[in-house]
Amino acid sequence: MASPEVKIALEGEEMVFTGGLRSLLPLAVRNLIRFNKLNTSNTSGMAEGYKQANVVILHKSLADNFEKFCHANNGPLPLLYRSKPGDWKCPSLSSNSDIRTDCLQYRVYEYGLCTGTLTSLKEYSDQLKDMVTFYLGCSFSFEKAVQKLGVPVRNIEQKSNVSMYKTDVPCLSVATFCCNLVVTMRPIPEDKLEAVVLATYPLKESHGAPVHIGDAGLLGIQDFSNPDYGDPVQPHPGDVPVFWACGVTGMEAISNCKSPLAFAHSPGCMFITDQKNEDAEAYLKEIPEVHCISQSPLYYSIVSAAAVKRIRDLESLIGIDPGHRGVKHLFCQDQLLKACLSISHAQSVLITTGFPTHFNHEPPEENDGPPGAIAIAAMLQALGKYVVIVTDLRAMNLFKQIIEEAVQQGILKAPVPLMSYQGDASESALMFLCDDGNVKKPRFDHLIAIERAGMAADGNYYNARKINIKHLVDPIDELFIAARTIPGVTTTGIGDGGNELGMGKVKEAVKKHIKNGDVIACDVEADFTIVAGVSNWGGYAVACSLYILNTCEIHDRYLRKAIGFPRLSKKVVWASALPSVTKEENLLQILRHHGVRSGITASLEMEVDGLSFYSTHSDMIEKLLGVLH
């Protein structure tokens with residue numbers, strides 16, 4: 001990689017100084033800055049291997065609250081050092097330093113407005129006697145660690161400042177300090193994403209791992225080509241936008257605070273410390289992994305390798321085929337993982353269930369599906385997400401009673417809103433899923449179908465014995481078809497025979513390996529297809545996986561964009577929402593009370609879609625829960 005070319009003024013002459021700033025010691029660089037010997041716009045790439053710092057200078061009366069604000073938002077504002085009032089040095093970070101002169105450029109804030117920039121704060125020495133300086137970690141510090149792994153840093157390659165953007169993500173407010181998160185962006189080749197996360201995750205004092213990977217619009221960034229701070233950095237073909245929390249968030253906070261006088265470094269013009277960067281490998285207690293969960297818009301999630309292994313164990317458990325129906329041939333690796341990562345990021349989730357396989361019985365529903373749907377809903381409620389259940393109009397009263405009794409028995413913490421969909425007009429699905437049918441305003445982020453009758457290629461709906469049950473099924477498939485046209489809305493199908501909604505993704509395997517598959521195979525795809533020996537097991541596995549993800553520190557940090565505090569204190573609440581043998585026995589009793597037949601009964605010969613086989617249902621729940629401990 002080409003070394004940055006920097007001009008230095010020496011003895012009245014301007015000289016070109018190439019490469020040396022990367023290898024100079026911090027004290028030497030600070031001296032060059034102090035005496036205005038550098039003609040460059042930012043400190044990226046200087047004194048490689050040493051920490052750089054954002055700087056915020058406030059009146060001492062605001063200092064305690066700003067420190068609390070930093071601790072409450074330590075992703076963008078990792079606090080390296082807080083000075084005493086009037087102290088221009090920071091002995092724990094550097095020797096022979098002077099915060100009045102040792103940044104390339106400063107910003108002056110008066111009552112929240114940036115009123116100018118300076119190369120020295122010496123003229124404010126009297127005011128600074130009553131002010132406190134905060135030194136905050138900077139992403140420039142990790143650039144060398146990233147380069148060591150062979151990951152290109154485009155802003156250094158292009159001799160430009162890093163791109164910085166304001167987002168619509170609010171920080172956790174403290175007293176008068178409140179603002180939205182600011183992020184830096186670096187384009188990273190797709191095949192290097194995991195390497196860059198591995199390199200930066202341990203470097204907590206330099207903002208740590210990315211807080212967002214993928215489409216900038218998901219952060220509320222409207223004009224990607226026009227950063228709020230810094231320079232536009234041009235991506236190469238195959239690059240993915242990767243965003244880190246940024247210390248410029250502190251500037252937004254002091255601007256919103258509207259204090260009479262405050263100072264900060266100009267974006268990119270950092271204070272260079274004498275502290276060496278942490279050894280990434282020495283601090284790597286957990287291994288983060290990167291997984292793509294959406295192509296439109298492009299979005300990746302981060303989770304620990306340990307959590308991934310446990311979810312794969314769950315997927316393996318539910319994949320057994322107790323009826324020897326060929327279900328194992330429908331299996332797709334990591335669909336449980338990717339579906340649950342997507343659900344974990346969702347705020348509003350629609351669940352649909354109901355398979356009227358007993359067409360001559362009232363009610364015609366089977367009891368595979370509703371227990372799994374309620375298990376998912378219970379976990380989503382505990383996680384604070386909005387959840388609704390959609391089913392057939394004819395079954396609304398039945399499901400209303402089931403939900404009410406599930407609440408009474410503590411299976412659900414609150415009633416789940418119940419809805420139906422009949423698809424009366426061509427735009428019905430979009431009107432149902434979006435405010436006024438506007439695809440930019442979806443009501444739901446994720447749709448889940450579990451043991452829901454799915455439409456076959458001929459437009460009919462079939463049970464496993466090839467009986468057409470279309471007269472009992474509302475066209476809820478239309479919602480899943482329409483969801484594919486709504487950016488940011490993803491779908492999951494959970495099934496055990498290939499005739500369930502969402503199984504269109506594996507329809508060729510259904511036709512080949514499942515009895516009557518050439519007729520009954522669902523033709524409607526979901527983004528993620530979870531195949532289980534029994535659909536309820538898939539629902540239980542989703543609930544357990546969401547628990548695993550939300551108790552994973554790496555994933556929790558990524559979910560909250562490294563702002564606020566870890567949510568692990570809610571672990572007990574989440575654990576109480578997990579499925580259990582007792583809960584499911586109670587729910588099955590509720591279903592039996594309302595005449596719902598077949599499906600899941602522990603250690604008894606049972607029917608699923610009219611096919612008999614032997615299963616130990618309670619053992620499966622206990623095995624799934626065993627993976628969590």
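R312 is partly exposed, at 32% relative accessibility (buried means under 20% relative accessible area, exposed over 50%, partly exposed in between, with a 1.4 Å probe and protein chains only). In this predicted model, local features need pLDDT of at least 70 and side-chain atom pairs count only at pLDDT 80 or more, while totals for chains, interfaces and linings use all residues. Residues are numbered from 1 along each chain as its sequence is written, and side-chain values use heavy atoms, with hydrogens and water left out.

A salt bridge joins D334 to R312, with the closest N and O atoms 2.8 Å apart (a side-chain nitrogen of Lys or Arg within 4 Å of a carboxyl oxygen of Asp or Glu). This pair links distant parts of the chain, 22 residues apart: R312 lies in helix 9, and D334 in the loop between helix 9 and helix 10 (335-345). Helices are DSSP runs of H or I of at least four residues, and strands runs of E of at least two, numbered from the N terminus. D334 is buried, with a relative accessible area of 10%.

The count of salt bridges comes to 27. E508 pairs with K511, the closest N and O atoms being 3.6 Å apart. These two residues are three apart in helix 15 (residues 507-513), and are therefore separated by about one helical turn. E508 is exposed, with a relative accessible area of 52%, whereas K511 is partly exposed at 37% relative accessibility. E365, D392, R394 and R452 are linked in a network of salt bridges.
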